Amino acid sequence: MNDTHAKAAYNGLPAPDDLPPGEQIAYTLLTELYRQTARGHIDRKSAVFLKTQLMDYTSKNPLERASLLRCIAVSVQAAAKGGNIQAVKLLCDLYDARDALPIAPEFI
């Protein structure tokens, strides 16, 4: 992912078609990270750290990816409980991917 993708995520645009599948989930998570930060659910310092990690998502090993997904999934779950339909969709996508990712089901 590059800065152009990050700007698109900031604006809430759908994942661009030019992103490979591994980066599409990172893009979707980055979009949600921006949304949750704007709502005050994630502090700026944490958001900057998580954004840095998401921008380099595909170079992470599977355990690092799972850890990053867990961090963001907790925030997404809170948003989904509040009725955020995009967060609900993201949670469904995570549930669909749970067999392909090394992430414990209780965290997604």
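The second largest pocket of this predicted model is lined by Tyr-10, Leu-33, Tyr-34, Thr-37, Ala-38, Arg-44, Ala-47, Val-48, Lys-51 and Thr-52. A pocket is here an open set of points, on a 1 Å grid over the protein atoms alone, where a 1.4 Å probe fits and where protein lies on both sides within 12 Å along at least five of seven lines, and lining residues have an atom within 4 Å of a point. The space in the second largest pocket comes to about 210 Å³, the volume being that filled by probe spheres set on grid points that are joined across faces, edges and corners. Helix H2 (21-38) and helix H3 (44-55) each contribute at least two residues to this lining, and H3 provides the largest share, with five residues. Classified by residue type, the lining holds six nonpolar, two polar and two charged residues, where Ala, Val, Leu, Ile, Met, Phe, Trp, Tyr, Cys and Pro count as nonpolar, Asp, Glu, Lys and Arg as charged, and the others, Gly among them, as polar.

The secondary structure of the chain consists of five helices and zero strands, and the elements follow the order α-α-α-α-α from the N terminus on; helices (H or I, at least four residues) and strands (E, at least two) are DSSP runs numbered from the N terminus. Helix H1 (residues 3-10) packs against H2 at an angle of about 50 degrees, with the two axes 8 Å apart, and H1 is therefore oblique to H2. Axes are lines fitted to C-alpha atoms, for helices over the stretch in contact, and angles run from 0 to 180 degrees between N-to-C directions; those under 35 degrees count as roughly parallel, over 145 as roughly antiparallel, 65 to 115 as roughly perpendicular and the rest as oblique. The crossing of H1 and H2 is right-handed, a term that applies if the near helix is turned clockwise from the far one by less than a right angle, and left-handed if anticlockwise.

Of the 108 residues of the chain, 38% count as buried, where buried means under 20% relative accessible area, exposed over 50%, and partly exposed in between (1.4 Å probe, protein chains only). Ala-47, located in helix H3, is among the residues lining the second largest pocket and counts as buried at 10% relative accessibility. The C-alpha atoms of Ala-47 and Leu-33 are 6.8 Å apart in space, although the two residues are 14 residues apart in sequence. Leu-50, also placed in helix H3, is buried at 9% relative accessibility, and its C-alpha atom is separated by 7.6 Å from that of Leu-68, 18 residues apart along the chain.

Two further positions are partly exposed. Thr-28, in helix H2, has a relative accessibility of 30% and counts as partly exposed; the C-alpha atoms of Thr-28 and Gly-12, 16 residues apart along the chain, are separated by 9.0 Å. Asp-56 lies in the loop between H3 and helix H4 (62-81) and is partly exposed, with a relative accessible area of 37%, while 9.0 Å separates the C-alpha atoms of Asp-56 and Glu-23, 33 residues apart along the chain.

Residues are numbered from 1 along each chain as its sequence is written, and side-chain values use heavy atoms, with hydrogens and water left out. In this predicted model, local features need pLDDT of at least 70 and side-chain atom pairs count only at pLDDT 80 or more, whereas totals for chains, interfaces and linings use all residues.
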